[in-house]
Structures are given as structure tokens and as C-alpha cells.
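Load the model and keep the sequence beside it. The walk below goes from a sheet to a metal site and ends with a record.

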Amino acid sequence: MTSRQWAAITLVVLVIATAAVALLRVPWVAPPAPRADQLAALESLPADAVAKGREFRGALRPAMYLSMAVGLVVALLLGLTPAGSWIVEQVGRPFNGHWLARALLGGLAIVFVGEVVALPLAAWRHTILKRYGLSTQDWGAWTVDVLKGYAVGAVIGAIVLVGFFTVTHFAQRWWWAWGAAGAAVLTILLTFVFPVLVEPVFNKFTPMPEGEQRTRLMAMAARDGVPVRDVLIADASRRTRAVNAYVSGLGPTRRIVVYDTLLEQAPPAEVEAVVAHELGHAKDNDVLTGTLLGALGAAAAVCALYLLGSWTGLLRLARVDSIAEPRAVALLLAVAAVAGLFAGPAQAFVSRRIEARADRHALRLTGDPARFEAMQGRLSLVNLGDPDPNPVEQFLFGSHPTAVERMAAARAFARGER
Ligand SMILES: [Zn+2]
């Protein structure tokens with residue numbers, strides 16, 4: 001069999017494996033959240049705060065859609081015309097067009113063009129966040145954050161670019177196999193190191209101080225049977241007034257993080273409801289599920305790219321000889337941008353189901369649906385969310401059930417529908 005046939009078989013196997021992981025590890029049945037309860041929940045929220053959240057989301061919308069469109073157009077312009085390969089050639093010129101210089105510097109240059117074009121839109125978004133009082137950052141701090149983001153992106157980008165084009169350079173027929181394995185390993189590795197190497201670049205994390213709240217949270221974790229060494233507090237207030245909490249990492253790097261803003265704004269019982277939700281993620285190993293789906297998806301994407309490489313029309317548009325040469329990096333990013341358009345809603349769907357399961361876990365663990373509902377209402381209002389957003393946007397972008405869905409799920413739970 002040829003390398004192409006092996007790649008096609010591997011792709012099919014990876015797609016089946018991804019589907020199997022999704023089937024086995026993603027909860028496909030959502031908890032009941034009747035629309036009547038959702039509307040009653042919406043009614044219970046202060047009308048002026050709901051209106052302000054809607055106004056804020058409406059103000060953000062043009063910047064959001066425009067940056068999506070601009071990102072896509074730039075990726076397509078660079079990737080599906082000779083522009084991208086030209087930039088890579090120019091950047092590699094001082095190095096006599098050495099493939100490694102083209103791969104690393106040329107690749108980073110292409111990524112950087114996209115980031116520079118997106119910068120004014122990100123700044124526009126920041127002016128809106130400031131106008132509505134959600135951001136606590138001045139322009140200096142915002143710029144530092146942008147630069148830190150570039151630095152982290154450059155390091156991860158360099159690893160991906162050098163790794164990928166080294167493999168394509170030395171294994172011209174079988175690069176897809178090495179590339180697929182490398183993409184999967186890198187995805188898993190990033191999940192482990194992200195909380196200890198990347199998150200501290202942007203925030204300071206301190207263990208929750210000894211005291212009644214910590215004791216209660218640790219007792220709840222113990223009751224839940226989830227081994228938690230610590231609850232960490234992130235200094236999110238240096239950036240935002242929004243409140244949040246999350247779980248990240250795997251195995252030895254797993255941690256539950258709460259924003260300092262949450263501790264300031266929410267009464268202890270609501271913080272407990274938030275942490276109960278995060279314990280649900282820990283207990284169901286949701287980070288592992290995401291990592292497995294990501295690793296399999298990344299490996300499948302490399303196989304698909306290899307097969308796509310025989311589409312000569314595409315190569316001609318980008319004026320490259322092969323999809324595996326460094327001059328094709330913009331073409332690869334254009335393909336990734338188009339794939340991302342389709343992957344986004346699928347990811348959001350999976351995420352919503354996983355989040356609904358963590359909510360259900362929190363309801364069972366705390367046994368206090370009224371408190372849970374109050375917490376969801378507060379989260380939505382403090383974060384200037386739209387508690388009952390447009391269903392199309394929710395379908396496309398919603399990583400969590402809507403606030404009124406989460407509140408309605410609490411009401412259904414209280415009635416014994418679970
Ligand atoms: Zn969650």
C-alpha cells in the first residue's frame with residue numbers, strides 16, 4: 001500500500017476514535033430546563049441589569065463579527081494567493097532561503113501579519129469593555145497583555161512550525177504519520193504544562209488562605225471524593241470586574257482556580273456552588289475528555305492536510321509545489337481558518353453538554369438549587385451577559401448553557417426532575 005492509502009485509512013480510524021471518545025465521554029442527554037422556567041427565571045432578574053447586559057453584548061457584536069471576518073479574509077488572502085509564499089520567501093532571503101529559516105521566521109511572520117491586522121479590532125473591543133466598566137486595565141496594562149500574548153504565541157508557534165517542517169523535510173513520504181503523532185503528543189503536553197507555564201504569565205495564583213471558607217470548600221471536595229490539594233485564587237481583578245472559576249491541568253498539574261473578583265462579589269454559599277460545579281468537571285475528568293478529543297482531532301487534521309496536498313488547484317493558487325514546504329505555511333493557516341469555522345459550533349455544542357453535567361453535579365452536591373440559581377443570576381449580571389441570548393448566536397458560540405437555562409435546570413431539579 002502507498003503512503004496515501006495508509007494516510008486515508010489512518011484518517012478514517014482517527015475520525016472513528018474521535019467519535020467513540022465523544023460518544024463515551026460526552027453526556028448527550030441535557031438536564032431538563034423547561035422554557036417556562038427559563039422565562040420565569042428571566043422575569044426574576046432585575047430588568048435594568050438585564051437591559052444593560054443586552055446593551056453591552058450588542059455593543060460588542062460589531063467588533064466580534066468584524067474581527068472574525070477580517071481574520072478569515074486575511075487568512076484566505078495570504079493562503080490562497082501568492083502573497084503568503086512571497087512573504088515567507090522574503091523573510092528567508094537573508095538566510096539564503098534555508099528551509100528552517102523559512103519555516104520558523106516565515107511562519108511567524110505570517111502569523112504576525114494576522115495579529116497586527118486584528119490589533120485595532122482588539123483595541124476597539126477594549127474601549128467597549130472600559131466604557132461599560134468591565135475592564136479594569138488602562139492602555140499600558142492592556143498593551144503589556146497583548147505583548148505577553150504575542151510572546152506566548154511565538155513560543156508555541158515556533159515549536160509547532162519547527163516540529164512540523166522538520167518532519168516534512170526529513171520524511172517526505174511519511175511526514176503525515178510523524179506529524180499526526182507529534183500533534184497528538186503536543187496537545188497532551190500543552191494541557192499538562194499550560195497551568196504551570198502559561199497561566200502564570202498572565203495572572204498570579206495564590207492558595208486560598210486558611211480559614212472557614214477554605215475549610216468548607218475542602219470538606220465539600222472530600223465529601224465529593226475529589227482529591228483537591230488546594231483551591232487557587234487568581235488575581236483577575238487586575239484585568240476585569242468579571243467573575244469566573246475554572247479547572248485546568250491534568251494529573252499532577254490539575255487545579256481549581258477561582259477569580260478574586262468572585263470572592264469579592266459573591267457570598268460564600270454562592271462561591272461554594274461555583275466550586276461544586278468545578279468539582280463536577282474534576283470528577284468527570286472533563287479536562288481529559290477535552291484533551292483526548294483535541295489530540296485525536298489534531299492528528300486527524302494532519303492526515304487530512306496530507307491528503308489535501310494532492311489538490312493541485314489549491315497549490316497553484318498559493319503558488320507552492322507542495323503543501324509540506326515552508327512556503328505553504330499561509331495555505332495551511334487558511335485551511336485551518338476554514339476548518340475552524342466548522343469546528344467552532346461542534347466544540348461549543350460538546351462544551352455546553354459538559355457544562356450542563358457539571359451544573360447537575362453542583363446541584364446534587366450542594367443540594368441547594370435556590371442558591372445555585374441565585375449564583376447563576378449573579379454571574380450573568382456581574383459579567384454583563386445576556387441571560388437569554390439570541391438562539392443562533394448561542395448555537396454558534398455558546399460554550400455554556402444560557403443563564404436562564406442554567407437557572408431553569410435548578411428549578412427543575414428543585415421539583416425533583418433530575
Ligand atoms: Zn464549567
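Four strands form an open sheet in the order S1-S2-S4-S3, with mixed pairing. Strands (E, at least two residues) and helices (H or I, at least four) are DSSP runs, numbered from the N terminus. Two strands pair if DSSP finds at least two bridges between them. The edges are strand S1 (205-207) and strand S3 (245-248), each pairing on one side only. On average, neighbouring strands are turned by 35° against each other, direction ignored.

This is a predicted model: local features need pLDDT of at least 70, side-chain atom pairs count only at pLDDT 80 or more, and totals for chains, interfaces and linings use all residues. Numbering starts from 1 along each chain as its sequence is written, and side-chain values use heavy atoms, without hydrogens and water.

S1 runs antiparallel to strand S2 (residues 231-234), over three bridges. Phenylalanine 205 has alanine 234 in S2 as its bridge partner. H10 packs on the sheet and touches S3 and strand S4 (255-259). Contact means heavy atoms within 4.5 Å. The direction of H10 makes about 20° with that of S3; axes are lines fitted to C-alpha atoms, for helices over the stretch in contact, and angles run from 0 to 180 degrees between N-to-C directions.

Now the metal. His277 (NE2), His281 (NE2) and Glu355 (OE) coordinate the zinc ion at 2.0 to 2.1 Å. Donors are N, O and S atoms within 2.8 Å of the metal (3.2 Å for Na, K and Ca); water is not among the atoms, so sites may look incomplete. Histidine 281 counts as buried because its relative accessibility is 9%; buried means under 20% relative accessible area, exposed over 50%, partly exposed in between (1.4 Å probe, protein chains only). Glutamate 355 is buried too, at 10%.
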